[in-house]
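Student: Could we go through the side-chain contacts of this model, one group at a time?

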Amino acid sequence: MTLLASAIIIALLITIGLPVLAGVWANKKVGVSWHVITYGAMAYFIVQLLVTLVFSGFSLLVQNQTIMIAEGSLLTVQIILSIFLGALFGVIVRWAGMKFLKFDLVNHKSALGIGIGYGGVESLMLVGLPMLNTFITMMANRQIDPQTSTLDPAVISQIEALWQVPFTIPLIGALERIAAMVMHITVTIMILRSFQRNQPYWLAAALGLEIILNGLIAGLANAGVAYGWLVLISLGLLGLNLLILDLLGVIDFRHLLKKELPTSAEEPHQETDAEE
């Protein structure tokens, strides 16, 4: 019980504390405006609203048998559709903000802030806050006595089952959130490149990256892959995104993060030429 509680506390510090610290760091150290970070957070909620609307329409069509899907395949189709819509709307909303909002968002600092805001709120809403709520319930009823408790027996069984969860589960979830947050920064930088270089295929690359990475994690989790493999895969995905950011000229592994983030598409190339 103590080990699981400690693991949950660590996971909460990561899934709730890390997004907040990342926002403060971006604001204080890099100079990203809170308005930009807030737009990234709002973009996440807009995307969720759009996904919910489309998903509700899809479910209605299935219920009315307008779309015929075998019952055994329905869950798989729903997962695939959710991942695709989330990635598609995520790219579109961030692209639209950069193009149409009055703020100057077409620069690396703003892209970093949008990515932190988007990925940070996703971490809070999907894992951090639900885990906190569950943990409070678990701690409030950790000494529960089924014989004297007024709680419903089904609720008592659920609480007892929660205390039997392996301590690695919350830690793996926190690690996956770190990888997802870095991915959202990478995706936002790719969207930025579509403006800087006037090459729309960067949008397709951003969409493809998010679909592949989210699809891989969701698919492996539903397939019941061993926890050790999930850890290795999450670390691999984190490393892949960091490598992409390095290739895009945002992160320098020798200095971790450049003090002066480039503001145009040409600056990373100029630095590379100078090094050569």
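Tutor: The model is predicted, so local features need pLDDT of at least 70 and side-chain atom pairs count only at pLDDT 80 or more, while totals for chains, interfaces and linings use all residues. Residues are numbered from 1 along each chain as its sequence is written, and side-chain values use heavy atoms, with hydrogens and water left out.

Student: How many aromatic pairs are there?

Tutor: Rings of Phe, Tyr and Trp (its six-membered ring) pair if their centres lie within 6.5 Å; planes under 30 degrees apart count as stacked, over 60 as edge-to-face and the rest as tilted. By this rule the count is 6.

Student: Why is the pair of Y44 and F45 assigned to its class?

Tutor: A pair of aromatic rings is described by the distance of the centres and the angle of the planes. The centres of the Y44 and F45 rings are 5.7 Å apart and the planes are at 70°, so the pair is edge-to-face.

Student: Is Y44 buried or exposed?

Tutor: Buried means under 20% relative accessible area, exposed over 50%, and partly exposed in between (1.4 Å probe, protein chains only). The relative accessibility of Y44 is 4%, so Y44 counts as buried.

Student: Which residues form one aromatic cluster with Y44?

Tutor: One aromatic cluster contains Y44.

Student: The charged end of which residue sits over the ring of Y118?

Tutor: A charge sits over a ring if NZ of Lys or CZ of Arg is within 6 Å of the ring centre and within 35 degrees of the ring normal. Over Y118, the charged end lies 4.1 Å from the ring centre and belongs to R94.

Student: Which residue meets R94 in a salt bridge, and what parts does the pair tie together?

Tutor: A salt bridge is a side-chain nitrogen of Lys or Arg within 4 Å of a carboxyl oxygen of Asp or Glu. The partner of R94 is E210, at 3.2 Å, N to O. Helices (H or I, at least four residues) are DSSP runs, numbered from the N terminus. E210 lies in helix α7 (residues 201-222) and R94 in helix α3 (residues 71-100), so the parts tied together are 116 residues apart in sequence.

Student: Which residues do salt bridges that share partners join into one network?

Tutor: E122 and R177 meet at 2.7 Å, N to O. E176 and R177 meet at 3.0 Å, N to O. The network therefore consists of E122, E176 and R177.

Conventions:
Helices (H or I, at least four residues) and strands (E, at least two) are DSSP runs, numbered from the N terminus.
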